[in-house]
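Morning, everyone. Please have a look at it first.

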Amino acid sequence: RDRLRSRGLGDVYKRQAKYRAIAILRQYCSGGREIAAITAEKLGIPCYDKKLAELTADKLGVSVEEIVKYEETLISPLFSPVSLRSGIDRKKNMSEAVFEAQAEIITNLVKKEPCVIVGRCADFILKNNVPSLSVFICSTPEQRIRHAFECHDIPHEEASAILKKMDKKRSDYYRLNTQKEWESMLSYDVCLNSGRLGLDGCADIIAEIYKNS
C-alpha cells in the first residue's frame, strides 16, 4: 500500500485500468473539450485534441489549417483540391484521407499509452482495436449558448443557428464513417449532460468509471 502511495496516481491507473483510452464525443459548445482535459488531468494521462490536427498535418504533408477545415466535416471531393505528400493515395478526397490518417494516429497513440481522445469518431476507431470507454457530452441549449458567447465570441442572436449547423456537420460525419447515430445514447457507454452536472462533475464521473473498470 505504501508503495502504491509513493507512485503517481496516473501510474496506478495505467497499471490497473481495464480501458486503454477514453473517447469523448460532444455537442458543439457543450464543454466536451474542457471535460476531456480535466479528466485527463485527474487521471494523469495525456489528452489529445488539437494535437491530433498537428500530427495529421505532418503525416499528410499539409498545413494544420487545412486539416482543421476537414476534421469532423463532410466536404465534396470537388472542393478538395489538395496536393498530398507522395505515398498517400491521391485518388482519395481530403475528407477520406484525414479520417484514415487520424484513425491510424489515434490507434497508435492509444496502443502506446492510455489517453483521452476528443471527437474524430474515436469511439468507433478504437472499438475493435483497443478497449476504450466511449462518452458523449451534451448540454442544455441555454448553457451551450452561454458557452458559445463566453468561449467563442459567438453573438447570442447567432448562437442557436451556429450550434445546429455544427451539430449537423458532426452528425453527418459520424454517420458516414460509423453507420451509427451521433446523438443516440445507444452509440456510447456513457452519456452526460454537462449543463446539469457541470464540467468538473462530468470529469469526476468519467474518471471514476475509468479507475474502477
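**The largest cavity and its lining**

The largest cavity is lined by L25, R26, E72, C121, R170, Y173, Y174 and W182. Before going further: this is a predicted model, and every value I quote is computed from it.

Which elements give two or more residues to that lining? They are β1, residues 21-26, and α9, residues 156-178. The largest share comes from α9, with three residues.

By residue class, the lining has five nonpolar residues and three charged ones, and no polar ones. On the charged side we have R26, E72 and R170.

Now the volume. The largest cavity comes to about 40 Å³. How many cavities of 30 Å³ or more are there? The count is one. As a reminder of the idea behind such a search, rolling a probe the size of a water molecule over the atoms shows where empty space is left.

Next, the chain around the cavity. The secondary structure comes to eleven helices and five strands. There are 213 residues in the chain, and 46% of them count as buried, where the cut-off is under 20% relative accessible area.

Last, the surface. The accessible surface of the chain is about 11400 Å², and carbon and sulfur atoms account for 50% of that surface.

That is all from me.

Key:
Residues are numbered from 1 along each chain as its sequence is written. This is a predicted model: local features need pLDDT of at least 70, side-chain atom pairs count only at pLDDT 80 or more; totals for chains, interfaces and linings use all residues. Side-chain values use heavy atoms; hydrogens and water are left out. On a 1 Å grid over the protein atoms alone, a cavity is a set of points where a 1.4 Å probe fits but cannot get out, and a pocket is an open set with protein on both sides within 12 Å along at least five of seven lines; lining residues have an atom within 4 Å of a point. Grid points are joined across faces, edges and corners, and a volume is the space filled by probe spheres set on the points. Helices (H or I, at least four residues) and strands (E, at least two) are DSSP runs, numbered from the N terminus. Buried means under 20% relative accessible area, exposed over 50%, partly exposed in between (1.4 Å probe, protein chains only). Accessible areas come from the Shrake-Rupley method with a 1.4 Å probe; for residues, only the protein chains shown count as cover.
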